[in-house]
Amino acid sequence: MKIKSAKETRYDIVSLGEVMLRLDPGEGRVRTARSFAVWEGGGEYNVARGLRRCFGLRGAIVTSLADNEVGRLVEDLMLTGGLDLQYVIWKKYDGIGRTVRNGLNFTERGFGVRGAVGVSDRGNTAIAQMQPDDIDWDALFSQGVRWFHTGGIFAGLSESSAKVAETAMKAAHKHGTIVSYDLNYRPSLWSGIGGVKRAQQVNRQLAQYVDVMIGNEEDFTASLGLEVEGANENLTELDTSGFKKMIEKASKEFPNFQVIATTLRSVTSASRNDWAAIAWSKESGFAESTARKDLEIMDRVGGGDSFASGLIYGLLEIGDLKTAVEYGAAHGALAMTTPGDTTMVTLAEVAKLAGGGSARVIR
């Protein structure tokens, strides 16, 4: 891939997507909680934030929020994340959320045999009402943007959001920006608007504008209709050969894909997962990360987004696919050891783990 240099650009990464307020009951359950910790989070946002906070790159988020106290709390949290917020579109609030509101995401971390649970409350949100011409995409990308990222969560929010994503991706290519897309299939997001069939229609339409396609063990099947040989219904047995065959098929069906990457997660319990990743590029073929058996998990939410940011960093700054997939898998593994959607990890920690380092005490 031909990636612009940092010297000729204003941003290393720009992401487009919804940023919600995550309410976390800690070790308890949503249904019995009496207090919540709050974080900001969103599939596309988490990637740009990870590239800013962990990897030190320059980034911006394109999103929309209702201008009320909840929206301003999300803004306050985003300011900590360090992204440029000048492309946040603020919508006038009507007092009760009749016409526009902010998204909420209640998330249980799970433990042992009790799996993680996410309950989204995101209907009629400001970002779901965004229109393609709400942002001057040519003006944004003409400043110089090395990488643009969006994904299947944003595309599934509404009819208009898929059109916004397509408009943005076209503009990015026009200005020589690399486009990545995380399929991020969420059954709850699509269930009321056509299910898997609609998800595949939308994602296959947008896939033609993607340079780097990212997913997990079920995304490519649910979102693009690509079957993985050897994967059982519960995804407890993940054979990399089946994923390699699926990736080869994807590369033929979508010849615009320059890189394809997928995480591989086998769930023993909410607290213990097998975790790995594989990637493919036209230039170098396949690369596999270190496979981490029985990885201990504190909070799995955001692990895939952290994989994406580590992978993107490796492709942007190092240019070697094997290193990129190792950085992605290491960042995802580390991010799942802390609460919240977003990374609390340093580049030095990622580099150490990707290079085979251990969890021995540092003092």
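Asp-294 is found in strand S14, which spans residues 292-296. In this predicted model, Asp-294 adopts a positive phi of about 55 degrees although it is not a glycine. Its relative accessibility is 39%, and Asp-294 therefore counts as partly exposed, given that this class lies between the limits of 20% and 50%. A positive phi, here of about 65 degrees, is also found at Asn-124, likewise not a glycine. Asn-124 is placed in the loop between strand S7 (117-121) and helix H3 (137-142), and because its relative accessibility is 36%, Asn-124 counts as partly exposed.

With regard to the protein as a whole, twelve helices and 14 strands are present. The radius of gyration is 19 Å, which agrees with the value near 21 Å that a compact globule of 363 residues would have. Taken along the principal axes, the box filled by the C-alpha atoms is roughly 50 × 50 × 50 Å. Of the 363 residues, 57% count as buried. When contacts between residues at least 6 apart in sequence are considered, 72% of them join residues at least 24 apart.

Helix packing was examined for helix H1 (residues 43-53) with two partners, helix H10 and helix H2. Two packed helices are described by the angle between their axes and by the distance between those axes. For H1 and H10 (residues 303-318), the angle is about 45 degrees and the axes lie 8 Å apart, which makes H1 oblique to H10. The crossing of this pair, H1 and H10, is right-handed. On the H1 side the contact is made by Gly-43, Asn-46, Val-47, Gly-50 and Leu-51, and on the H10 side by Asp-305, Ala-308, Ser-309, Ile-312 and Tyr-313. By class, the residues of the contact of H1 with H10 comprise five nonpolar, four polar and one charged.

Against helix H2 (residues 69-81), H1 packs at an angle of about 40 degrees, with the two axes 9 Å apart, so that H1 is oblique to H2. H1 contributes Tyr-45, Arg-49, Arg-52 and Arg-53 to this contact, whereas H2 contributes Leu-77, Met-78, Thr-80 and Gly-81. The residues in the contact of H1 with H2 divide into three nonpolar, two polar and three charged.

Technical notes
Residues numbered from 1 in each chain as written. Predicted model: local features only at pLDDT ≥ 70, side-chain atom pairs only at ≥ 80, totals over all residues. Heavy atoms only, no water. Axes fitted to C-alpha atoms, helices over the stretch in contact; angles between N-to-C directions. Helix = DSSP H or I, 4+ residues; strand = E, 2+ residues; numbered from the N terminus. Parallel < 35°, antiparallel > 145°, perpendicular 65-115°, else oblique. Left-handed = near helix turned anticlockwise from the far one by under 90°. Contact = heavy atoms within 4.5 Å. Nonpolar A, V, L, I, M, F, W, Y, C, P; charged D, E, K, R; others polar. Rg over C-alpha atoms; globule rule 2.2 N^0.38 Å. Buried < 20%, exposed > 50% of the residue type's maximum accessible area, 1.4 Å probe, protein only.
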